[in-house]
Amino acid sequence: MNRPWTADLGDGTYRNPVLNADWSDPDVVRVGGDDYYLTASSFGRAPGLPLLHSRDLVNWSLIGHALDTLEPAADFAVPRHDRGVWAPSIRHHAGRFWIFWGDPDHGIQQVNAEDVRGPWSAPHLVKGGQGLIDACPLWDEQTGEAYLVHAWAKSRSGIKNRLTGHRMSADGRELLDEGTTLVDGDLIPGWFTLEGPKVYRHEGEFWIFAPAGGVTTGWQGAFRAKEFTGPYEERVVLAQGRTGVNGPHQGGWVRTPAGEDWFLHFQERGAYGRVVHLQPMRWDEEGWPVLGDRGEPVAVHAKPVAPEQPVDAPAFADGFAGGRYGRQWQWTANPRPGWTVEHAGDGLRLACVRTSHAHDLRTLPNVLVQRLPAEEFTVEVSLALGSDVPGAKAGLAVLGDAFSWIGLERGEDGGVSLVHRYAEGVAEHERDAAPGRPAPDASATLRIEVSAGARCRFHADTGDGFRPSGQVFAAEPWRWVGALLGLFATAPAGTGPAGTAGFTAFHSPPGPG
C-alpha cells in the first residue's frame, strides 16, 4: 500500500485532513487554470521548501523542493531540527513563482523560479536579523506597489504578538522602509501569539489572514483595512468550537476558476506534526470571510468544483528504483557527497558514515527521513549490512525528541546481530530496548507498526519469521516538528571507507495498517 491515507472519498466528497502528515504551516497559490501549488515549513531538513501540486485541492502529489540546501550552509551542516525554514509563503507574479520565508536566526529570505520544477534561484536575504518569521509578500496589481508582512519570534527578538509591514521593491530583493506595525495583538483583548500572516488584496481592501492563540489551541483571524498601513479591524473566522479539531489555523486562501473560495490550514497533532485541512469559505453580508461550517472546521464536505481527478496523496513507499531515493525523503541537515553510493540496480545503498556521535541519532546529519504518513500504518524495509568494520550499524528509526530504532550491528567478533535501541528525550545516549540476537546472513527485514497515539511496535525477521522486539515506543515530536521515519548507516570514528548498508522495498505491507 503506497498511500496509507487518502482524503478523496470517491463520491464527490472529501474528508479532512486532506494531507494527513506534517506539512506544517501550509500556503497555497493557484496558477493558470486549475493548477494549485502548496509549500510548507521544512525547518532544518534538506532539501527544503516542499512543492506539492493539485488540480482539485484534495488530491496532492509532491513534485519537488525549491531549496536544495539551507543557508548559511555552515549553520546547517548539523541538525537544526526546530530552526531553518519557518512558515513560507508562495506566490506567482510577473511570470515567476516566489517563495518567502523567515529563518528565526538569520532573517527573511526568498527564492524564485520561472518553472515550479526549477531551477530555483539561490536564497536571497531580504531582511537580516533575529526573530523575523512568517514572511509574506504582496504585489498590488492595481497600483504596482509591492509589500511584505512578517511576524516576530520572541525567543530571538523579545517581540511577539505583532505584525510588521514594509514597502518592497518590485523585484522582491529589498525593503524600502524601516517597517510599520500593522497590527499589535497586545491592543486586541484576548489575543496573543499573533503570527503567520498571509496578505491579500480583495475588493479594494488589504486583507491579512493571521492566526493567534498558540499552535495547539489557537484560532484563525482575519484583518482588513483600506490602506496597507491600516487601521485594521479584526474578526475570528475559524475556531475549534464544538469539533475535535484543535487549533484550526494558519494557512492560505485560494479562489478556484469556478469562483469558489477555500482555505487550507493546519491542525497540530503531537507526534504526527501539523496535518492540513481544507475548509470551504464564503463571505457574509458584512464582507467578512466565513470558514468551514459557520466558523468551525468541517470533517467531510463536497469537493471543490473541478474536473475529476485520480485519487492521490504524497508518496510514502519507495522501491529505490535505480538506486535513488524518492522526493519524499530529506536529510536531517545539508547533505554531503558520499552519503549514498551509486550502483546499477534497485535499492538504496547508504555509506556507513564514520562518526563519534552514533549513540544519538538526533545529532547525526546523515539520517534520511520522511514524515509519518497517517495516524495508523505499518512500514517495512529489508536491510543488508555490508560493512566489516566492528561497530558499524544501520537501521530503521522513529526519530523525534526521543527516538527508537531497529537494525543490524557488526560486533567485535565479526558477527552481525539484530539490535533494538532507544533514547528518551532527556537522554544523551541510546540504550538497548531488547536483547540482541544473531543475524547470520547479515540481513533482516524490519517492521514498525504504528497505532493511534503514535505508539510504535517494532518487529524483525532474520530468517525465521517476524518476531516482536522490546516494548511499545511512543513517538515524540520536537518542539515544532513531528516525529519522522528514518534510515541511517554509521561506523565508529576512524579513517577510510567503512562499507555500506543496503535498503530495499520500503513499503507498507498488506494487512493491518
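What volume does the second largest cavity have? The second largest cavity has a volume of about 40 Å³. The legends below describe a predicted model, where local features need pLDDT of at least 70, side-chain atom pairs count only at pLDDT 80 or more, and totals for chains, interfaces and linings use all residues. Residues are numbered from 1 along each chain as its sequence is written, and side-chain values use heavy atoms, with hydrogens and water left out.

View 1. The structure holds three cavities of 30 Å³ or more. A cavity is a set of points on a 1 Å grid over the protein atoms alone where a 1.4 Å probe fits but cannot get out, and lining residues have an atom within 4 Å of a point. Volume is the space filled by probe spheres set on the points, which are joined across faces, edges and corners. The largest cavity holds about 210 Å³ of space. Its lining counts 17 residues, and Ala21, Trp23, Pro314, Ala315 and Pro373 lie nearest the centre. Twelve lining residues are nonpolar, three polar and two charged. Here Ala, Val, Leu, Ile, Met, Phe, Trp, Tyr, Cys and Pro count as nonpolar, Asp, Glu, Lys and Arg as charged, and the others, Gly among them, as polar.

**View 2. The second largest cavity.** Among its lining residues are Leu67, Phe76, Trp101 and Asp103. The lining divides into six nonpolar, one polar and two charged residues.

**View 3. Lys303 and Asp8.** A salt bridge is a side-chain nitrogen of Lys or Arg within 4 Å of a carboxyl oxygen of Asp or Glu. The count comes to 26 salt bridges. One of them joins Lys303 and Asp8, at 2.8 Å from N to O. The two partners are 295 residues apart. Both Lys303 and Asp8 are buried (under 20% relative accessible area with a 1.4 Å probe, protein chains only; exposed is over 50%, partly exposed in between).

**View 4. Glu205 and Lys226.** This salt bridge spans 3.8 Å, N to O. Glu205 is in strand E15 (residues 205-212), and Lys226 is in the loop between strands E16 (219-225) and E17 (233-238). Strands are DSSP runs (E, at least two residues), numbered from the N terminus. Glu205 is buried, because its relative accessibility is 16%. Lys226 is exposed, because its relative accessible area is 63%.

**View 5. Lys393 and Glu430.** Their closest N and O atoms are 2.8 Å apart in a salt bridge. Lys393 lies in strand E28 (residues 393-399). Salt bridges that share partners join Lys393, Glu409, Arg421, Glu430 and Asp432 into one network.

Definitions and conventions: 1 Å grid on protein atoms, 1.4 Å probe; cavity = no way out; pocket = protein on both sides within 12 Å on 5 of 7 lines; lining within 4 Å. Helix = DSSP H or I, 4+ residues; strand = E, 2+ residues; numbered from the N terminus.
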